[in-house]
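Have the viewer open as you read.

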Amino acid sequence: MSTAKALKKVVAAVILDLDGTLIHTDGILSDVLKALLLKYGKQWDGREAQKIVGKTPLEEATIVVEDYELPCSTDEFVTQITPLLYDQFCNIKALPGANRLIKHLSDHNVPLALASNSPRAYVESKISYQQGWKESFSVIIAGDEVRAGKPSPDIFLEAAKRLGIEPSLLPCHRGFFVSITGADEVISSLLDLQPEFWGLPPFDDWIDGTLPLETWHIGGPVVKGFGRGSKVLGIPTANLSTKGYSALLSEHPSGVYFGWARLSTQGVYKMVMSIGWNPYFNNTEKTIEPWLLHEFDGDFYGEELRLVIVGYIRPEANFTSLESLIAKIHEDRRIAERALDIPLYLKYKDDPYLKGSSLSTGIIHAKDVLLVGLPALPRFLAGEAGC
Ligand code: ADP
Ligand code: RBF
Ligand code: MG
């Protein structure tokens, strides 16, 4: 029996985290905190966003009240922020890959639980705006339904109990933990999760090395980059400024994408692009770098460039040599070039955004996906789930 088949037999359930895993909560949380802190004459600088996503309201309030030295108690802060948050839950977007994962697991009858540190009422409200989610989870467990929230294992133990599975199969004992923060498998987004790696049914929506996405747009004048695309790699990239795109960039994960590009005076071209930190070069800034798959006579800095992103190829990676980075980018080019001839992707060559006048935008990160009931781990997530 293959390892995957052997694993499949022992997968009992999947437990998913909500905030930052399935939904993009940072955005609304930042907006609400910004508005509330202004009332206290303070300016929200966004640094705490990562620190507080996934915490209980009281934990969140404690961090903000202390960090910003607010003249109110944490309870008062919770009372003030709660209605503001409720008003915004309808605006929280599902993270890329979330709907796909939930539908896939539920179509394959994999028992699914949602375990969130948020209070029950928040969880119910947040997921009520996400179509089909409530019915997909056989167990929903919230922070106020257990003695201690994550990182304590209580919430997982309770989820296991309600799912009717052996607590010994939990990650804190024998299962696996998939996370962006360091675990058995570290992924930068749900788009990179390979269920078959964990003995779960594989996704069947990849087409010739590409994953179709709900399209999103980005545009602006071509700006100067580090000047090494053409010079060092022989691969020119028409960089777009990330200014004004922070929400979009926090919503979509770093990685290699492809789609169509319009240069205002020249036409529409196939493109493959990298969004991220360029780990090979250790950049300290995120860049948006489309490579237009066409030979141009010269540069076109300053010209307006619009992109419609139609699919995903792979996460950003580091490489042991410049040659292997270049070879991989050329492989990305071949994949994109071929895929864009498929009607599914070809049709977006006519996307109104490429012609229209308004510049709108539309980017992930996954945190914790708990795969319960897999065999013992060689290396365990000490501290991750508090076990
Ligand atoms: P920089 O670091 O300034 O972005 P690059 O070497 O990556 O430098 O790219 C330089 C410029 O090359 C782009 O901004 C664009 O004006 C031009 N260019 C020429 N051909 C292409 C192409 N096929 N795709 C993208 N940019 C191109
Ligand atoms: N840089 C990386 O460090 N890792 C990558 O995986 C990576 N993939 C890329 C894929 C494509 C399609 C393109 C166009 C660029 C990629 N780059 C990657 C970015 C490359 O390092 C960058 O364009 C140059 O450093 C020029 O700034
Ligand atoms: Mg460039």
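What follows covers the cores, a helix crossing and a glutamine.

This is a predicted model, where local features need pLDDT of at least 70, side-chain atom pairs count only at pLDDT 80 or more, and totals for chains, interfaces and linings use all residues. Residues are numbered from 1 along each chain as its sequence is written, and side-chain values use heavy atoms, with hydrogens and water left out.

Start with the nonpolar cores, meaning sets of buried Ala, Val, Leu, Ile, Met, Phe, Trp, Tyr and Cys residues joined through side-chain atoms within 4.5 Å. Buried is under 20% relative accessible area (1.4 Å probe, protein chains only).

| Core | Residues | Members include |
|---|---|---|
| Largest | 48 residues | Leu22, Phe77, Trp133, Phe137 |
| Second, separate | 26 residues | Ile218, Val222, Leu307, Ile309 |

In the largest core, those four touch the most other members. Leaving aside neighbours within four places in sequence, Leu22 is in contact (heavy atoms within 4.5 Å) with residues including Leu95, Ile102, Trp133 and Phe137.

Now the helices, which are DSSP runs of H or I with at least four residues, numbered from the N terminus. The contact between H4 (residues 57-67) and H5 (residues 74-88) involves, among others, Leu58 and Val65 of H4 and Phe77 of H5.

Last stop: is Gln130 buried or exposed? Gln130 is buried, at a relative accessible area of 9%. Gln130 sits in the loop between H7 (120-128) and H8 (133-136). Beyond neighbours within four places in sequence, Gln130 is in contact with Ile23, Ile92, Lys93 and Ala94.

Note on methods:
Chains are lettered from A and ligands numbered from 1 in the order in which they are written. Buried means under 20% relative accessible area, exposed over 50%, partly exposed in between (1.4 Å probe, protein chains only). Helices (H or I, at least four residues) and strands (E, at least two) are DSSP runs, numbered from the N terminus.
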